[in-house]
Amino acid sequence: MKTESGESAVSHPPSSSPSGAFESAAAGTEKTHLPAAPEGKYLAVLTLGALGVVFGDIGTSPLYALRECFTGHHPIPPSPENVLGILSLIFWALVLTISVKYLGIVLRADNRGEGGILALMALLRPPSATGVSRHAVLVALGLFGAALLYGDSIITPAITVLSAVEGLEIVTPAFKPYIQPIVVVILIVLFLIQKKGTAGVGAVFGPVMLVWFVVLAVLGAVHIVDAPRVLAAVNPVYAVRFFAHNGITGFLLLGSVFLVVTGGEALYADMGHFGAKPIRMGWFAFVLPSLLVNYFGQGALLLTHPAAASNPLFGLSPKWALLPLVLLATAASVIASQAVISGAFSLTRQAIQLGYMPRLRIDHTSEKEIGQIYLPSINWALALACIWLVFAFKDSGALASAYGVAVTTTMGITTALLYVYAREAWKVSRAIAVPVALAFLVVDLAFFGANIVKIGSGGWVPLVIALFVYTIMTTWKTGRRILAARLREATLPVDVFLQDVEKRSPTRVKGTAVFMDRIPEGIPPPLLHNLKHNKILHERVVFLTVVTDEVPRLKEKERSRCEFLGPGFWRVSLHYGFMENPDVPRALRKLRLDGKGFEPMETTFFLGRETLIASKRPGMALWREHFFAWMSRSEGRATAFFNIPPGRVVELGLQVEL
């Protein structure tokens, strides 16, 4: 549950019970809130939108992926055997990892239409008391996988914009000294416009990416005609021969091949924005063919002009079209960056709602699209990190060494969580689930093993970022649990309190007092403090707890639960999904207690403001308690987070020893 101070505990959705194999879609209660699958013109519009958001990351991989295979940290000569072997690996990586794993199976593991590793983690629950420790391990894996995505959100804007702008060097070497300044300016402008939202700019994202994919396909097709034998790389035998011929170097080159599938997790995370059907249609009908034709076109170019390995994508272009191609590539890279930045905003909101991060300021940039949000603190943290990466690594080739470690780890974690979900929710037999999961894990671990050697040359960057974010999430979650336990120790039982009120008969004043209650039991400390110092009670007292259920959204009829405690006393819980924004006054206006509603000018909200003191009591390490206390002091105010009018709020201080 999520309380007024950001506390979050597990509140699970009902279980679904489909039958069938790994490929069966869960058709149980997770689907009950979803509209019918889009059709016709609406489906086309959503598919076009998906081109601009979902496929931005994977769609800009041709800028650097094949180049890194021949000029990266483990370069090999662009001989015909090597070219066909690399292309075969690229083809089967896109087919097995993206088409089969993510599009065919992972997208079916939706949490009421929402995707992403946190949404998948929220679907898992301990089947019994004996499963609690295993569930804790799965949650830890899910949190670390989510933390790794922040590293991806930092590296993607830097490497894509760098790769695109570096095309100017091919136009004329005179641009070389200005590459980094141009990239930094583009990144600054990109992060500056985030506060304006993507509603207006988003309208052109799809068409621009449509043009980008068409250009990729046309450029590739022209060169395939020059060397049609390149199409033989579809045969997996060439991949096998590549490994046999190149040995350990061939295995390590999987780290560069992996760059073609780095947007796989984004396909899953962005499912809630468009739905699975438009994403699948966009991929199979358009994106996959365009990418394959372009990669094979680059391969055909290398078969005829091996010297083009230094930048094969721009080598596909005739000289007269080079500058327009660089400009189009820059636009596509900005769009890809926008997608991962928005994804970081969405991921952070989910973490806040689920109680794994302190409240942060969240601005809504669209009155119509609830998913369009802006988090200033996250935005500028990403901006500073991206700019640092540009100056630290200097070019996209060096930065590619930092790319891949985070995403390969997250993909492996997704496979593990998916196996558990398939066994428990889809009821897939072990005879089917184990071989399928192992097949995916073999691919994931192969990519992971090839990327892990990059740690010394830059792969440490996303890992350090992930460890920092993971520490924040686990410290906050554990700290809130300890704080709730400390407050529970000082909580007065309801029946004892009501007996005391009846005995003492304190003065009752008109109006409603709403006490935001961290613990949905007993009497909240702010009420006891108010009664002790002011000697009065309102004629109607409501103990309110805001709960975040581990589903994306709830119907209005599921929003509130009310319990009568005694004359003039009520306990109310307001429930929200982790993709919703709590609006306490709006929810209260729909309730009637004692036959009366909530009049805004007659309602006062009482919030506890705790001062946390680190101690040596059992709980967390002392340094984590200090860190938690600092985060608690720094988090955003509950009034803004719950949309409570500041003029109707009374805050009461309380010291708590952790």
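**View 1. Arginine charges over aromatic rings.** A charge sits over a ring if NZ of Lys or CZ of Arg is within 6 Å of the ring centre and within 35 degrees of the ring normal. The model shown here and in every other view is predicted. Arg241 meets this rule at Tyr238, lying over the ring face at 5.6 Å from the ring centre. Arg540 does likewise at Phe598: its charged end sits over that ring, 4.4 Å from the centre.

**View 2. A salt bridge between Arg67 and Glu68.** The two side chains meet with an N to O distance of 3.2 Å. The salt bridges of the structure come to 18.

**View 3. The salt bridge of Arg488 and Glu521.** Side chains of opposite charge can pair when their charged atoms come close. In this view, Arg488 forms a salt bridge with Glu521, and the closest N and O atoms are 3.1 Å apart. Arg488 belongs to helix 21 (residues 460–489), while Glu521 sits in the loop between strand 3 (507–516) and helix 23 (525–534). The pair therefore ties together parts that are 33 residues apart in sequence. Arg488 is partly exposed, at a relative accessible area of 39%. Glu521 is partly exposed too, with 39% relative accessibility.

**View 4. The salt bridge of Glu489 and Arg617.** Here the side chains of Glu489 and Arg617 meet at 3.4 Å, N to O. Glu489 lies in helix 21, and Arg617 in the loop between strand 7 (603–613) and helix 25 (622–634). Parts that are 128 residues apart in sequence are therefore tied together by this pair. Glu489 counts as exposed, with 53% relative accessibility. Arg617 is partly exposed, with a relative accessible area of 31%.

**View 5. A salt-bridge network.** Which residues does one network join? The members are Glu556, Arg559, Glu580, Arg586 and Lys590, linked by salt bridges that share partners.

**View 6. The edge-to-face pair of Phe345 and Tyr374.** The structure holds 18 aromatic pairs. In this one, the ring centres of Phe345 and Tyr374 are 5.9 Å apart. The ring planes stand at 85°, so the pair is edge-to-face. Phe345 lies in helix 16 (residues 322–353) and Tyr374 in strand 2 (residues 373–374). The pair therefore ties together parts that are 29 residues apart in sequence. Both Phe345 and Tyr374 are buried.

**View 7. The tilted pair of Phe543 and Phe569.** The rings of Phe543 and Phe569 are 6.3 Å apart, centre to centre, with 40° between the planes, and the pair is tilted. Phe543 is in strand 4 (residues 536–549) and Phe569 in strand 6 (residues 569–577). The pair links distant parts of the chain, 26 residues apart. Phe569 counts as buried at 2%.

**View 8. An aromatic cluster.** Phe91, Trp92 and Phe296 are linked into a cluster by ring pairs.

View 9. Strand 3 pairs with strand 7 in the parallel sense, over four bridges.

**View 10. The surroundings of Thr603.** Thr603 is placed in strand 7. With 4% relative accessibility, Thr603 counts as buried. Which residues does Thr603 touch, not counting those up to four places away in sequence? They are Thr512, Val514, Phe598 and Arg648. One of these, Val514, stands opposite Phe605 in strand 7. Another, Phe598, carries the charged end of Arg540 over its ring.

Terms used: Residues numbered from 1 in each chain as written. Predicted model: local features only at pLDDT ≥ 70, side-chain atom pairs only at ≥ 80, totals over all residues. Heavy atoms only, no water. Salt bridge = Lys/Arg side-chain N within 4 Å of Asp/Glu carboxyl O. Helix = DSSP H or I, 4+ residues; strand = E, 2+ residues; numbered from the N terminus. Buried < 20%, exposed > 50% of the residue type's maximum accessible area, 1.4 Å probe, protein only. Phe/Tyr/Trp six-rings, centres within 6.5 Å; stacked < 30°, edge-to-face > 60°. Pairing = 2+ DSSP bridges. Contact = heavy atoms within 4.5 Å.
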